[in-house]
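This report is written for a reader who is meeting a protein model for the first time. Please keep the sequence and the structure in view while reading.

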Amino acid sequence: MRPTELEPASKAAAPLNETESENENQAPDLDRAVAALRQGKLVAFPTETVYGLGADAENVSAVARIFSVKGRPDNHPLIVHLASADELPRWAERVPEAARQLAAACWPGPLTLLLRKSARVPDATTGGLPSVGLRVPAHPLALELLRRFGGGVAAPSANRFGRVSPTSAAHVRADLGDDVDVLLDGGDCQVGVESTILDLSRGTPVLLRPGGVTLERIEAILGVKVSREPGDMRAPGMLASHYAPRARVEIVDSGALASRARELRLQGERVALLVSSHDDAKALANVEGATLLDLGASDDQAAQRLYAALRQADVDKADVVLASPPAAHGLGAALADRLTKAAGPRLEGPNMPHAKHR
Ligand code: TXA
Ligand code: MG
């Protein structure tokens, strides 16, 4: 199939800047990307959520390279990306009715389903877990890559472990450089935060990570309440230190943003403020010397812009980023989750240089 014959991804998730001619231009890159996957190499590719660092999910040494390039502990499971829900039975031991319903309603889209893995999935891909995360991404380039490759592509976000996820090809280049064999450029990611992760491997559905598909939508599709209690689930993505820029991140009540910014300025700190329609922009604009990073007027926009804004704070050499998360419903739940994690205690290690810039 030629790239221009792509079925459109769901309208809401289709990248605004994706045009037929851009797709056509990607054809040689797609060929190189498919060849690279077949050779056990790494391909960074766009999805509607964030860019992924992909490898053949069934190739143990290719998967091992993902872990070493990311600097990620090898017991952290990877999501396997598929071209269509029709492939679920090949990758899962059993496909429960809830998975069929959610796949039909939300795929292609930002939802990852955890199911008990089939024998085809190597332990290396799932970090030794009996379950596998599966999703069909809603980006035309990702879908075309998956269709042409024909197998599953294991892919975490294409950033070094613990750092901010990339939402543009430039972010991937800045983070991973030559460690990536092929980088497909599909423009800016339209959702901007990672997929929702729902565990369906243990009977009742459990939300493990809020993301691009809201909990409210999942509950409406399934007609049941979904638990947010991971229980004894090993869910490494829940590490408090994820999604962190170099600058330290402080969560502050919306009404206290301006006064806290002033206080920090007086202490000589370089301050960046993540500002959204929830905040009093007028008061914030008057904080002398603080940089304003605009997250826009809706939670959708804030999700799209969040990671680029956190990266910009680092480019601006901010010491501290102040943010007040939106109410934790709808997409706001994912935003609040990522901001809280960015503000959490940091990991030690070579990828976590959160020293002051000055
Ligand atoms: O939107 C996304 O999901 C992006 C794009 C590239 O698809 N991918 C992504 O991957 O965010 P990653 O590896 O950065 O985050 C996946 C999270 C990790 O926290 C991992 O621990 C969790 O999913 N995960 C994957 N498989 C799992 C499993 N079998 N059991 C528990 N957690 C799992
Ligand atoms: Mg990640």
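The sections below treat the overall build, the surface and the salt bridges.

## Basis of the report

This is a predicted model, in which local features need pLDDT of at least 70 and side-chain atom pairs count only at pLDDT 80 or more, while totals for chains, interfaces and linings use all residues. Residues are numbered from 1 along each chain as its sequence is written, chains are lettered from A and ligands numbered from 1 in the order in which they are written, and side-chain values use heavy atoms, with hydrogens and water left out.

## Overall build

The protein chain contains 12 helices and 13 strands. Helices (H or I, at least four residues) and strands (E, at least two) are DSSP runs, numbered from the N terminus.

A contact means heavy atoms within 4.5 Å. Among contacts in the protein chain between residues at least 6 apart in sequence, 69% join residues at least 24 apart.

## Surface and interior

Of the 358 residues of the protein chain, 57% count as buried. Buried means under 20% relative accessible area, exposed over 50%, and partly exposed in between (1.4 Å probe, protein chains only).

The accessible surface of the protein chain comes to about 14800 Å², and 51% of this surface belongs to carbon and sulfur atoms. Accessible areas come from the Shrake-Rupley method with a 1.4 Å probe; for residues, only the protein chains shown count as cover.

## Salt bridges

Side chains of opposite charge can pair when their charged atoms come close. A salt bridge is a side-chain nitrogen of Lys or Arg within 4 Å of a carboxyl oxygen of Asp or Glu. The structure holds 23 salt bridges.

One of them joins the side chains of Asp179 and Arg160, at 3.1 Å from N to O. This pair links distant parts of the chain, 19 residues apart: Asp179 is in the loop between helix H7 (169–176) and strand E7 (182–183), and Arg160 is in the loop between strand E6 (153–154) and H7. Asp179 is partly exposed, with a relative accessible area of 30%.

Another salt bridge pairs Asp175 with Arg311 (3.0 Å, N to O). Because Asp175 lies in helix H7 and Arg311 in helix H11 (residues 299–315), the pair ties together parts that are 136 residues apart in sequence. Asp175 is buried at 19% relative accessible area, and Arg311 is buried at 14%.

## A further pair and a network

Arg338 forms a salt bridge with Asp337, and their closest N and O atoms are 2.6 Å apart. Arg338 is buried, with a relative accessible area of 1%, and Asp337 counts as buried at 15%. Elsewhere, Arg248, Glu250, Arg260, Glu263 and Glu269 are joined into one network by salt bridges that share partners.
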